[in-house]
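I opened the model and kept notes as I went through it. The entries follow the order in which I looked things up.

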Amino acid sequence: MGKVNFTIDGKEIQAEKGVTILQAARQENIYIPILCDHPALPPEGACRICLVEIEGQRALHPACTYPISEGMAVSTNTPRIRAARKFNLELLISDHPLDCMTCEAAGNCLLQDLAYEYDVTEDRYEGTKHHYSVNDPNPFIQVDRNKCILCRRCVRACREVNGVEAISVFYRGFSAYIGFGADSSMDNSPCEFCGSCVAVCPTGALWPKLSLGEGRPWQVDRIQTTCPYCGVGCQLILEVKDNKIIKVDSAWDGPSNHGWTCVKGRFGYDFVHHPDRLDKPRVRKYLLDGKKKPAAEKRKPEIEGDPWQWVEVDWETALGITADKMLQIRDDHGSESMGFLTSAKCLNEENYLMNKLARQVIGTNSLDHCARL
Ligand code: SF4
Ligand code: SF4
Ligand code: SF4
Ligand code: FES
């Protein structure tokens with residue numbers, strides 16, 4: 001592509017031809033504020049917060065869409081630029097509920113951060129405000145259009161990353177709002193509930209329903225982990241408060257998912273704290289008593305003392321009974337009477353060990369993996 005020489009705030013910079021002023025500034029750790037831009041999405045140029053001055057040009061230009069060129073001299077923080085950014089922020093704030101005290105996104109909201117940075121303290125423009133109802137009936141995502149700044153990050157995430165196009169902006173000007181499908185509810189649209197739109201929304205307009213009222217960003221520990229569901233191995237950030245997972249956030253450095261997830265990884269974590277979840281091994285009472293399997297039609301496991309009753313045991317006991325039974329089946333019915341099915345939820349090492357157990361301990365090649373089914 002070739003290199004281009006130019007300056008940002010007087011600093012001489014060389015960057016790849018074709019990159020935008022914002023991309024070049026990021027490479028040099030030069031701060032330019034953004035709202036609609038997101039490093040993982042194609043630029044849109046919708047919010048005009050990243051405006052910069054280019055020597056010799058009358059108008060201010062958005063750094064997120066303007067490409068660099070040879071000899072260009074860019075300024076990022078002059079009084080004129082700051083005034084223009086502040087004006088744009090005031091316009092956004094003029095149709096915003098300003099309920100940061102109770103907003104879920106407080107402390108994790110780009111609009112709030114920029115209002116603080118640009119000293120936007122009041123609603124300067126009187127006039128009509130929107131009062132949308134917050135009642136999308138889908139089970140996962142709260143949609144609060146009152147907090148939407150129409151940055152279109154969600155639209156791009158859904159279209160460019162997930163390839164679904166469930167979200168679009170309906171109507172124009174003051175009437176514009178984000179909507180789903182053919183202007184319906186989210187669960188009545190092609191939405192797959194991957195949560196990509198939530199991950200990139202810079203305000204509290206899209207928020208996970210499971211996380212509502214659960215805690216503030218500064219009250220949580222952020223723990224990076226691997227999704228427990230499938231072999232893609234997506235990286236996730238768990239937000240944990242009082243030893244409870246309250247939200248899943250994007251790990252943008254995850255090598256297999258780069259921050260994106262499917263519905264299971266983003267919203268399927270309530271099993272962790274579910275009261276029905278087994279956290280100790282259980283065996284049938286007749287196995288613990290070393291008895292033969294009783295007739296199934298007489299089973300009444302809800303009755304105390306019934307041989308089919310589940311009994312909580314330690315791992316050593318449970319694994320010992322399992323190993324004895326497997327060897328007994330092999331000896332009584334032959335190695336080929338048994339088959340093994342392994343899981344993409346296991347580590348590679350665990351799958352390898354299962355292969356050893358099947359072939360070398362039991363002596364069967366009847367071994368398969370859920371990823372092949
Ligand atoms: S949850 Fe995923 S599929 Fe649904 S609207 Fe958001 S990005 Fe699109
Ligand atoms: S819902 Fe969020 S991401 Fe989508 S346009 Fe509104 S503010 Fe932007
Ligand atoms: S987020 Fe979805 S795709 Fe990624 S590892 Fe989890 S289940 Fe698999
Ligand atoms: S960040 Fe550049 S126009 Fe929004």
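Which residues surround ligand 3? I listed Cys227, Tyr229, Cys230, Val232, Gly233, Cys234, Thr261, Cys262, Lys264 and Gly265 around ligand 3, taking a residue as near when one of its heavy atoms lies within 4 Å of the molecule. By class, I noted 6 nonpolar, 3 polar and 1 charged residues in the shell of ligand 3. For the classes I counted Ala, Val, Leu, Ile, Met, Phe, Trp, Tyr, Cys and Pro as nonpolar, Asp, Glu, Lys and Arg as charged, and the others, Gly among them, as polar.

Before going on, I noted that this is a predicted model, in which local features need pLDDT of at least 70 and side-chain atom pairs count only at pLDDT 80 or more, while totals for chains, interfaces and linings use all residues. Residues are numbered from 1 along each chain as its sequence is written, chains are lettered from A and ligands numbered from 1 in the order in which they are written, and side-chain values use heavy atoms, with hydrogens and water left out.

Next I turned to ligand 1. It has 13 residues around it, and the closest are Cys158, Cys191, Cys194, Gly195 and Cys197. The shell of ligand 1 holds 9 nonpolar, 3 polar and 1 charged residues.

I then looked up ligand 2. Its surroundings also come to 13 residues, with Cys148, Cys151, Arg152, Cys154 and Cys201 the closest. I recorded 10 nonpolar, 1 polar and 2 charged residues for the shell of ligand 2.

For secondary structure, I found 9 helices and 16 strands in the chain; these are DSSP runs numbered from the N terminus, helices being H or I of at least four residues and strands E of at least two. I followed one open sheet of 3 strands, ordered 10-11-12 with antiparallel pairing, where two strands pair if DSSP finds at least two bridges between them. Strand 10 (221-226) and strand 12 (244-250) are the edges, each with a single partner strand, so one side of each has no neighbour in the sheet. Strand 11 (residues 235-241) pairs with strand 12 over 6 bridges, and Glu239 has Lys247 of strand 12 as its bridge partner.

Last, I checked the overall dimensions. The radius of gyration is 28 Å, whereas a compact globule of 373 residues would have one near 21 Å; this is taken over C-alpha atoms, and the globule rule is 2.2 Å times the number of residues to the power 0.38. The C-alpha atoms fill a box of roughly 90 × 50 × 40 Å along the principal axes.
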